[in-house]
Amino acid sequence: MNLSAFPRVCLTRTPTPLEFLPNLTRHLGGPNLYIKRDDTVGVALGGNKSRKLEFLLGEALAQGATHIVTQGATQSNHVSQTIAAANRVGLPSTVLLEERVSNAHSDYYQNGNVLLDQILGATIETRPGGIDMNQELVSVGERLRAAGERPYLIPGGGSNAVGALGYVVSANEIVAQANAQQLRIDHVVHATGSTGTQAGLVVGMEGSNSHIPVLGISVRAAREQQEENVRKLARQTWELLRLRGDFPDAAVQVDADYVGGGYGIPTDGMLEAVQMLARLEGILLDPVYTGKAFAGLLDLIRQRRWKAGENIVFVHTGGVAGLFAYRSVLAPTPAFARKI
């Protein structure tokens with residue numbers, strides 16, 4: 001597949017590490033666990049969106065864009081990384097934050113990625129939850145165009161066929177690292193939300209004939225809907241790359257049993273996962289995406305989904321800034337009381 005045919009800017013430090021998790025593997029007594037450290041990639045505090053933004057901003061610059069516009073939830077990792085990436089290439093940005101989670105602690109609206117958004121300096125607009133954010137994106141683009149700008153619109157999560165190319169690259173990277181380590185990978189597991197990461201990974205694995213199974217653990221949609229969303233984008237990405245034949249729809253696997261009360265709403269499993277990986281391996285997950293996905297991974301291991309001796313890779317897609325928005329849940333008791 002000819003990825004060099006697509007405009008691209010350099011935003012990432014790759015390849016990201018593919019590391020063995022010895023303490024967690026021993027603790028669980030199941031398959032051998034590895035982690036792909038995409039939390040260390042890219043601008044701002046890092047994360048998977050930087051891979052997508054390399055191609056998205058590459059296309060934006062090739063089209064002569066003068067302004068970047070995107071949208072996401074209040075604590076969107078994608079939004080903060082997009083602002084940082086736009087800054088890197090010298091373009092201003094406007095971002096729309098959807099109040100998708102209601103009645104959260106004040107930290108949710110003031111800390112974490114919201115704080116990063118303000119430090120990074122974008123024009124920030126808010127929208128109520130439940131509205132058509134893609135239409136809002138289009139409306140802002142029209143407003144900017146009327147003002148003489150040439151806006152480039154990036155969908156939530158950077159999840160279109162161009163953005164998914166970033167995770168085709170990641171899939172190729174995982175295969176190359178496994179070959180270098182003489183590691184047979186039996187399954188790749190990750191958080192799936194806006195679908196771009198999973199679509200890119202599956203296209204990369206299938207298009208390269210490595211056929212390593214990819215399981216997306218949903219953080220929002222039900223399994224049937226999420227699988228259809230991923231298949232739709234994977235087909236578009238497959239066609240964009242002009243790969244032979246049809247995309248194999250059966251390669252898309254989603255487990256939606258760990259969403260809990262909804263997007264961004266904490267679960268007991270997420271809390272356990274965040275604490276377990278931090279305390280056994282010194283690696284931080286986030287509460288919205290990787291925390292829930294890792295909770296699913298832990299539960300599936302306990303259900304003996306995979307056997308001892310199999311090798312499972314968890315793709316850490318970043319989002320650590322989100323921890324600071326969930327202090328009231330993750331650390332409700334202060335470590336010390338300030339004396340007045």
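## Starting at Arg 223

Arg 223 has a charged partner in Glu 224: the two form a salt bridge, with their closest N and O atoms 3.2 Å apart. To count as a salt bridge, a side-chain nitrogen of Lys or Arg has to sit within 4 Å of a carboxyl oxygen of Asp or Glu.

A quick note on what you're looking at: this is a predicted model, where local features need pLDDT of at least 70 and side-chain atom pairs count only at pLDDT 80 or more, while totals for chains, interfaces and linings use all residues. Residues are numbered from 1 along each chain as its sequence is written, and side-chain values use heavy atoms, leaving out hydrogens and water.

## The sheet

Now zoom out. Six strands make up an open sheet with mixed pairing, and their order is S1-S2-S10-S7-S8-S9. At the edges are strand S1 (18-20) and strand S9 (252-255), each pairing on one side only. On average, neighbouring strands of this sheet are turned by 30° against each other, direction ignored. Helices and strands here are DSSP runs numbered from the N terminus (helices are H or I with at least four residues, strands are E with at least two). Two strands pair if DSSP finds at least two bridges between them.

Which way do S7 and S8 run? Strand S7 (residues 187-192) and strand S8 (residues 214-218) run parallel, and five bridges join them. Along this pairing, Val 189 stands opposite Leu 215 in S8. Helix H7 (residues 161-180) packs on the sheet, where it touches S1, strand S2 (32-37) and strand S10 (311-316); the direction of H7 makes about 135° with that of S2. Such angles run from 0 to 180 degrees between N-to-C directions, using axes fitted as lines to C-alpha atoms (for helices, over the stretch in contact).

## Crossing over to S9

Ile 217 has Asp 255 in S9 as its bridge partner. To get from S8 to S9 the chain goes through helix H9 (residues 223-240), and this β-α-β crossover is right-handed. Picture the strands pointing away from you: right-handed means the path from the first strand over the helix to the second runs clockwise.

Gln 253 lies in strand S9, and at 24% relative accessibility Gln 253 counts as partly exposed. Leaving out residues up to four places away in sequence, Gln 253 touches His 187, Gln 198, Pro 213, Val 214, Leu 215, Gly 216, Glu 227 and Arg 305. A contact like this means heavy atoms within 4.5 Å.

## Charged pairs

How many salt bridges does the structure hold? The count is 18. One of them joins Glu 19 and Arg 37, with the closest N and O atoms 3.3 Å apart. This pair links distant parts of the chain, since Glu 19 is in strand S1 and Arg 37 is in strand S2, 18 residues apart. Glu 19 is partly exposed at 30% relative accessibility, whereas Arg 37 is buried at 15%.

Lys 36 and Glu 173 form another salt bridge, their closest N and O atoms being 2.6 Å apart. Lys 36 lies in strand S2 and Glu 173 in helix H7, so this pair ties together parts that are 137 residues apart in sequence. Both Lys 36 and Glu 173 are buried. Through shared partners, salt bridges join Lys 36, Asp 38, Arg 51 and Glu 173 into one network.

## Aromatic pairs

Rings of Phe, Tyr and Trp (its six-membered ring) pair if their centres lie within 6.5 Å; planes under 30 degrees apart are stacked, over 60 edge-to-face, and the rest tilted. The count by this rule is six aromatic pairs. Trp 238 and Phe 247 have ring centres 5.7 Å apart and planes at 70°, so this pair is edge-to-face. Both Trp 238 and Phe 247 are buried.

Tyr 263 and Tyr 289 also make an edge-to-face pair, at 5.9 Å centre to centre and 75° between the planes. Tyr 263 sits in the loop between S9 and helix H10 (268-281), and Tyr 289 in the loop between H10 and helix H11 (290-302), 26 residues apart. Both Tyr 263 and Tyr 289 are buried. Ring pairs also link Tyr 108, Tyr 109 and Tyr 326 into a cluster.

Definitions and conventions: Buried < 20%, exposed > 50% of the residue type's maximum accessible area, 1.4 Å probe, protein only.
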